[in-house]
Amino acid sequence: MPAVREAKDEAFWADYLTHPDSFIATGRRVFSHLPTDPRCRLCAAPCAGAGGAFMRMIGKRQSSTNPNYCNSCEKVLRKHHGGAEIDGSMLFADIRGSTALAETMSPSEFRAFLDRFYTTASGVVVEHDGMVDKFVGDELMAVFPPLLSAERHAARAVAAATALLTATGHADPGGPWVPLGAGVNTGRAWFGVVGEGSYVELTVVGDSVNVAARLAAAAKVGEIVISAAAAEKAGLDAGLERRSLELKGKQQPTDVVTLRVGPVR
């Protein structure tokens with residue numbers, strides 16, 4: 001019966017996403033330390049290099065229908081079509097002035113530039129126990145469920161944002177090789193599987209996700225704009241400067257804390 005199936009799928013995702021000591025989560029932590037990208041977005045198993053060769057020996061390989069996942073995890077996504085509402089943290093980061101940058105490069109050069117950003121961002125997110133939800137053009141969307149870090153998901157998201165801006169050169173004397181702004185928010189969201197047939201995707205949706213995107217849009221180059229809720233959950237210094245932002249689509253101002261990586265420009 002559809003209602004029974006939906007309840008089972010919701011129970012599966014609620015358990016998977018909120019139990020950091022689960023077998024699946026332990027495997028993901030191990031796989032994340034093996035080379036090389038690209039990786040399965042769910043279990044972090046490498047699909048290339050020496051790590052990919054080892055994965056193929058144990059029966060895990062890149063899916064032939066959806067390269068974002070390994071064949072084993074794709075089967076899980078197809079079996080458990082649905083999701084659950086959980087508390088988690090979201091990170092958005094996007095390139096500032098990408099249109100102007102594209103004008104200075106050939107299409108192939110710009111693709112290589114974006115690929116470098118994607119690779120760098122993916123590595124940072126995995127290292128900080130997050131999952132890449134998607135790359136949309138010049139923007140990263142990542143989610144940090146309690147899967148691997150229990151109640152520390154907000155701290156992980158903030159640390160990942162800081163590490164990403166550092167990895168892209170914002171603290172370097174010569175400035176970043178790709179100019180980024182980032183936003184972090186914590187709240188309730190629906191996390192689960194969307195799509196039909198042979199192509200399914202994990203995603204996260206909800207107002208808290210939209211707020212994270214708006215915070216990233218409000219960030220200047222080298223800034224991380226963090227909602228007050230995420231800052232409190234992450235244990236950031238209560239003495240940090242706070243301000244209120246008028247975010248598009250929100251009726252009430254949103255209280256935020258801003259961190260910077262590198263000098264004010």
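Modeller: A cavity is a set of points where a 1.4 Å probe fits but cannot get out, and its lining residues have an atom within 4 Å of such a point. By that test this predicted model holds two cavities of 30 Å³ or more.

Biologist: Which residues line the largest cavity, and what makes them lining residues?

Modeller: They are R41, Y69, M131, V132, D133, V143, F191, L202 and T203. Each is counted because it has an atom within 4 Å of a point of the cavity. Two or more of the lining residues come from strand 2 and likewise from strand 5 (199–205). Strand 2 gives the largest share, three residues. The space itself is about 60 Å³.

Biologist: What makes a space a pocket rather than a cavity?

Modeller: A pocket is an open set of points, whereas a probe in a cavity cannot get out. The largest pocket holds about 330 Å³ of space. Of its 17 lining residues, P38, R39, R41, S122 and F135 are the closest to the centre. Helix 6 (107–127) and strand 2 (131–136) each supply at least two residues of the lining, and helix 6 gives the largest share, five. By class, this lining has eight nonpolar, four polar and five charged residues.

Biologist: What lines the second largest pocket?

Modeller: There are 14 lining residues, with F23, I24, C43, K60 and C73 nearest the centre. The volume of this second pocket is about 250 Å³. Helix 1 (2–18), helix 2 (23–31) and helix 4 (71–79) each give the lining at least two residues; the largest share, five, is from helix 2. The classes are ten nonpolar, two polar and two charged.

Biologist: Helix 4 comes up there. Why are its buried residues said to line one face?

Modeller: The buried residues of helix 4 are N71, C73, E74 and L77. Seen down the helix axis they fall within an arc of 160 degrees, so they line one face. An α-helix has 3.6 residues a turn, so residues three or four places apart point the same way. On the other side of helix 4, K75 and K79 are exposed. The cover over the buried residues includes helix 1, strand 4 (180–196) and strand 5.

Biologist: Why is A44 called buried?

Modeller: Buried means under 20% relative accessible area, and A44 has 1%, so A44 qualifies. A44 sits in the loop between helix 2 and helix 3 (49–57). Its phi is positive, about 70 degrees, although A44 is not a glycine.

Biologist: And D129, buried or exposed?

Modeller: At 7% relative accessibility D129 is under the 20% cut-off, so D129 counts as buried. The loop between helix 6 and strand 2 holds D129, and its phi is near 65 degrees, again positive in a residue other than glycine.

Biologist: Last, how do you know how compact the protein is?

Modeller: The protein has nine helices and eight strands. Its radius of gyration is 19 Å, close to the 18 Å that the globule rule gives for 265 residues, so the protein is as compact as a globular protein of that length. Along the principal axes, the C-alpha atoms fill a box of roughly 55 × 45 × 30 Å. Buried residues make up 49% of the 265. Among contacts between residues at least 6 apart in sequence, 64% join residues at least 24 apart.

Technical notes: Residues are numbered from 1 along each chain as its sequence is written. This is a predicted model: local features need pLDDT of at least 70, side-chain atom pairs count only at pLDDT 80 or more; totals for chains, interfaces and linings use all residues. Side-chain values use heavy atoms; hydrogens and water are left out. On a 1 Å grid over the protein atoms alone, a cavity is a set of points where a 1.4 Å probe fits but cannot get out, and a pocket is an open set with protein on both sides within 12 Å along at least five of seven lines; lining residues have an atom within 4 Å of a point. Grid points are joined across faces, edges and corners, and a volume is the space filled by probe spheres set on the points. Helices (H or I, at least four residues) and strands (E, at least two) are DSSP runs, numbered from the N terminus. Ala, Val, Leu, Ile, Met, Phe, Trp, Tyr, Cys and Pro count as nonpolar, Asp, Glu, Lys and Arg as charged, and the others, Gly among them, as polar. Buried means under 20% relative accessible area, exposed over 50%, partly exposed in between (1.4 Å probe, protein chains only). The arc is that of the directions from the helix axis to the C-beta atoms. Contact means heavy atoms within 4.5 Å. The radius of gyration is taken over C-alpha atoms; the globule rule is 2.2 Å times the number of residues to the power 0.38.
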